[in-house]
Amino acid sequence: MAAADSPSAALRRRDLCSRGIRLAGKMRSDVIDLLDTYVERQGLDASASVVTVEGVPVAAVERWDEQTGTQRLLENLTAYRAFRVLLAQMLEEHREQLGDADTGLGRALAAVLLQVSAFAYHLEELLRLESRGPPSEEGTAPPPVPHLGLFERKLRGLGVLRELAQWAVRSARDLRQLTKPSPGSSSAPSWAESP
Amino acid sequence: QNLKCVTHNLRKMACTWDVSSRRRHGQSDFCYTTNDLPPPVCFKTKEKRVEIPVPESSTTVTITTNSISGTAIATKQFEIHSADISFVPLTPRILSLTPDFSTSTLNLKWSDNGSAFPYGLDAFWQIQILRKEAKEKVTQVTYYSKMTHEDVILSWNWTSDMPLECTSHYVKIRCYINVTQFVGPKDWSDWSPVKEVPGKDTEPNGSGVFPQDTVVAVGSDVTFCCVHEEGQQIERMSYGSKVYPLIRLSSRSSAIRVLNASASDTSGTNVVCRLSEDEMDGTVLFVGYAPDVPQNLSCETSNFLIIKCTWKPGRPSGLYGKRGTNYSLFERISGKNVSCEVNEMNRERVCGFPVLADQKTYHFILGVSNPIGQTQSSLLVDLTQRVHPKTPEKLTVSGNSSTSVHLHWFINGSFAEIRLLCQIEISSGHSEQKMHNISMPGGKFSTYTAQLNTLHPYTKYQFRVRCSAADHFWRWSDWSRVEEHTTLEA
Amino acid sequence: DSHIQYERVGADVTMKCGSMDWDAAVTWTANGTDIDESHLNGSYLILKNVDLTRSGQYSCYEGSSWHLKYQTYLRVGTPPKEPVLMCRSNNYPKGFYCSWHLPTPTYIPNSFNISVIHGTKEMVCEKDIYPKNRCHIRYLQLFSTVKYKVTLTVTNALGKNSTTLTFDEVAIVKPDPPESVVAKPVPNNPRRLEVSWQNPSSWPDPESFPLKFFLRYRPLILDQWQHVELSDGTSHTITDAYAGKEYIIQVAAKDNDIGTWSDWSVAVHATPWTEEPKHLTTEAQITDTTSASTSSFMPPPTTKICDKGAVVGS
């Protein structure tokens with residue numbers, strides 16, 4: 001159970017949440033732009049449906065409205081830490097495959113990677129407001145890059161960016177849930193209970 | 001009746017015959033004379049087939065057919081001349097059939113069984129490549145060799161027009177030996193048993209699109225295939241944005257044929273196999289050019305430490321990243337080789353090579369290669385004739401006279417082995433510019449000085465300096481920064 | 001025996017008189033009226049190139065005894081064309097509904113079957129009592145990248161047809177238009193109009209799923225709309241209205257992050273506040289110089305325009 005909120009902690013959390021919502025919104029629009037560029041540069045079909053890609057955090061969730069605040073933050077943090085690794089792998093692969101040929105896509109990838117790292121840090125800040133704080137990353141070695149053909153890697157990249165775009169939407173919704181006053185209380189609840 | 005004799009090795013021959021009577025019969029008595037010299041050699045045989053030596057000219061054969069109880073039923077005599085004996089080589093034995101999937105090449109090895117034949121005979125080998133479930137003939141090739149009276153392992157390569165993974169390939173071989181001195185009819189051997197290289201469409205988890213992530217030259221014709229699970233249907237296969245007609249190879253594999261492929265984008269051209277239930281598989285094809293011969297290869301040194309070679313790449317290869325063009329600089333005299341870090345997007349290419357002690361002349365070979373091809377350009381230079389000094393730095397002007405000044409400047413580099421020619425540009429407000437050339441021994445990371453006289457008193461001057469090799473002019477350095485100085489009053 | 005017989009428009013129909021022989025003497029009636037001999041071939045009734053008017057009850061009587069030997073109800077119609085299917089979520093994230101119709105009538109009964117697949121899962125589409133051709137699906141998962149595949153199959157006695165839609169969860173999110181749009185002049189401000197509205201009542205959770213709005217307005221005398229996008233809040237003050245000119249105003253809504261814009265709300269009308277002309281008699285001064293009306297509530301000429309400018313459009 002989280003400690004009862006002092007007014008400054010509540011204010012700090014509300015501020016972090018609203019900044020997080022804006023960061024998620026910006027990240028989403030950048031990811032959507034990156035997706036368009038990626039689809040075009042990789043010669044893919046925008047309507048291609050990509051089977052769930054192994055190792056990529058899935059944004060889809062059941063009974064989303066029943067999650068507690070802590071659950072939301074932890075699931076978000078786990079996802080964005082994974083995306084940080086996945087995007088870094090994509091960037092490395094991009095440099096290996098295309099060298100200096102497509103710096104535009106490389107820069108866009110690097111920019112989104114930066115935002116994902118920033119958002120992960122933001123989530124850690126929010127979790128620090130809780131007594132438990134964010135889980136440490138030590139010992140969580142990044143999953144090895146699966147040996148795939150180039151086309152499968154292109155599809156995998158598409159899958160990563162699509163899931164990230166959905167996560168950005170989900171994160172904004174999650175953060176809005178955190179700032180929602182639960183019925184009958186003036187300030188936002190501590191997250192353990194808030195659905 | 002119908003006595004026929006066939007030899008496979010010119011020494012022994014197998015004779016076979018028929019028996020016309022419908023009565024049941026037992027063993028036969030077979031007698032033959034060797035080159036018509038008595039006595040005949042006789043033996044009993046149940047088979048209607050015997051193996052006897054090949055006669056030099058002819059041989060007489062007598063066959064007596066006996067009843068079950070052993071009483072003679074019929075006897076017949078045959079005269080076999082050399083011309084009646086057929087020569088059919090033994091069926092060749094395939095030693096190995098090895099696929100190289102990366103190049104879609106099959107390597108066939110077989111023994112020519114030459115030890116059984118005299119030296120120097122011409123041998124012809126017909127090799128058939130078959131494909132698909134129906135073992136359709138893809139090609140037939142005749143390979144020629146000469147017998148050496150020893151068993152030689154022959155080897156032959158065949159590059160398929162489609163990836164070997166697409167479907168099973170089969171090979172069979174037969175031979176014809178031109179025994180010139182053999183007077184009888186000569187014929188092809190039987191076909192060898194078929195040797196198979198199984199395709200991915202025979203493997204449980206063989207699905208995929210092939211070839212995987214390959215590189216071809218612009219204008220190539222390429223066959224792609226989609227291997228899928230049993231029961232799955234291919235809805236369509238596309239190359240880039242174009243859908244191609246399917247060529248069925250087997251129940252689990254279909255192909256498309258792309259002709260005259262044009263250059264692909266930086267990320268390659270996708271080949272997509274869309275299967276039922278929204279499943280999709282694919283590969284990427286990179287279509288580019290072999291590297292162009294580097295143009296305007298030029299090498300110079302600015303400091304006698306590093307030789308900088310530059311060149312114009314010519315037509316872009318269209319291939320990037322790890323498929324991009326690799327450059328290496330090989331110096332023939334020293335045998336030293338340097339690989340060059342090159343930015344594919346820069347119009348001009350640069351590569352550095354260390355100046356070697358006690359070596360004045362350099363024979364450079366710029367090697368250029370990419371997955372499609374390679375080329376090179378060479379250049380022989382005398383380094384002392386390719387000096388392009390760096391910009392003179394830290395120019396200072398001093399002087400406590402009304403008509404002369406001292407200039408000092410520094411040049412980064414080691415020019416001890418040559419003389420330098422420096423040019424000082426003198427300009428002052430109202431008079432036109434003057435150039436003053438001065439030659440001096442080169443130094444090692446030195447500061448150089450010059451004195452200018454016959455200046456006007458109490459006059460504000462702007463000075464700047466540039467240098468080059470004195471003996472073999474190659475290129476001026478850039479101008480130094482301008483330095484101002486006013487001469488004293490007279 | 002009596003039953004329903006379906007035939008396509010334009011078909012040639014042959015009816016036998018039950019078990020009667022070809023050469024038996026019979027009488028055929030259509031809806032009780034004797035049919036002309038020219039349509040008979042022996043005891044068979046031949047109807048060429050039937051059209052819709054041929055639908056009806058056909059009876060066959062034995063010649064002398066007038067005993068009813070055969071009766072059928074002929075329904076002339078067409079096989080169904082590819083149905084038009086539309087799916088939309090106006091109450092995200094609760095669920096979405098799909099509705100359908102046939103592009104052209106078939107004149108005979110049709111049955112509809114809808115299947116909703118999400119990845120590998122089949123979802124239940126609960127049919128609405130009214131309207132009949134609609135059903136709704138509850139989202140089991142949110143934020144999914146897996147596409148939904150909706151297949152509608154329509155069948156009737158003369159044929160079958162189907163259509164399939166594939167879409168992402170976010171693509172079909174389209175709120176209903178904003179409600180209770182109110183436009184008021186601002187006293188002493190001849191160039192201002194105050195517009196307010198409410199979230200569509202069908203939108204379940206505006207806090208977690210906030211809507212943004214698009215306001216368009218123009219004076220009736222011009223065709224060119226002016227637009228302003230508002231990322232939060234449900235009111236806006238127009239500050240550049242032409243003085244004294246009646247304005248038409250509409251609002252649309254969209255989820256802040258996903259989906260498409262709603263249709264435009266009902267249009268409301270308003271005229272900015274204007275200065276009282278000094279020389280007019282006292283009576284004139286009583287009349288309020290501001291008038292606001294809403295086109296959908298365009299009052300019939302006899303009714304007095306609501307005088308305090310606050311007009312509700314929903």
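Reply: Buried means under 20% relative accessible area, and since B:Cys175 has 2% relative accessibility, B:Cys175 counts as buried. A:Cys17 is likewise buried, with a relative accessible area of 0%. Please keep in mind that what you see is a predicted model, and that the values below are computed from it.

Let us turn to the disulfides themselves. A disulfide here is a pair of cysteine sulfur atoms within 2.5 Å, and by this rule the count comes to 10 disulfides over all chains.

One of them lies in chain B, where the sulfur atoms of B:Cys299 and B:Cys309 are 2.1 Å apart and form a disulfide. The torsion about the S-S bond of this pair is about 110°, and therefore the disulfide is right-handed. The pair links distant parts of the chain, for B:Cys299 sits in strand β25 (residues 295-301) of chain B, while B:Cys309 sits in strand β26 (residues 306-312) of chain B, 10 residues apart. As for accessibility, B:Cys299 is buried because its relative accessible area is 0%, and B:Cys309 is buried with a relative accessible area of 0% as well.

A further disulfide of chain B joins B:Cys340 to B:Cys351, with an S to S distance of 1.9 Å. The torsion about the S-S bond is -85° in this case, and the link of B:Cys340 and B:Cys351 is left-handed. Because B:Cys340 lies in strand β28 (residues 336-340) and B:Cys351 in strand β29 (residues 349-354) of chain B, the pair ties together parts that are 11 residues apart in sequence. B:Cys340 has 11% relative accessibility and so counts as buried, and B:Cys351, at 3%, counts as buried too.

In chain C, the sulfur atoms of C:Cys17 and C:Cys60 are 1.8 Å apart and form a disulfide, and with -100° about the S-S bond this link is left-handed. Here the pair links distant parts of the chain, since C:Cys17 is found in the loop between β2 (13-15) and β3 (26-30) of chain C, whereas C:Cys60 is in strand β7 (residues 56-62) of chain C, 43 residues apart. Both C:Cys17 and C:Cys60 are buried. If you count the bonded cysteines along chain C, its disulfides follow the pattern 1-2, 3-4, 5-6.

Technical notes:
Residues are numbered from 1 along each chain as its sequence is written. Chains are lettered from A and ligands numbered from 1 in the order in which they are written. This is a predicted model: local features need pLDDT of at least 70, side-chain atom pairs count only at pLDDT 80 or more; totals for chains, interfaces and linings use all residues. Side-chain values use heavy atoms; hydrogens and water are left out. Helices (H or I, at least four residues) and strands (E, at least two) are DSSP runs, numbered from the N terminus. Buried means under 20% relative accessible area, exposed over 50%, partly exposed in between (1.4 Å probe, protein chains only).
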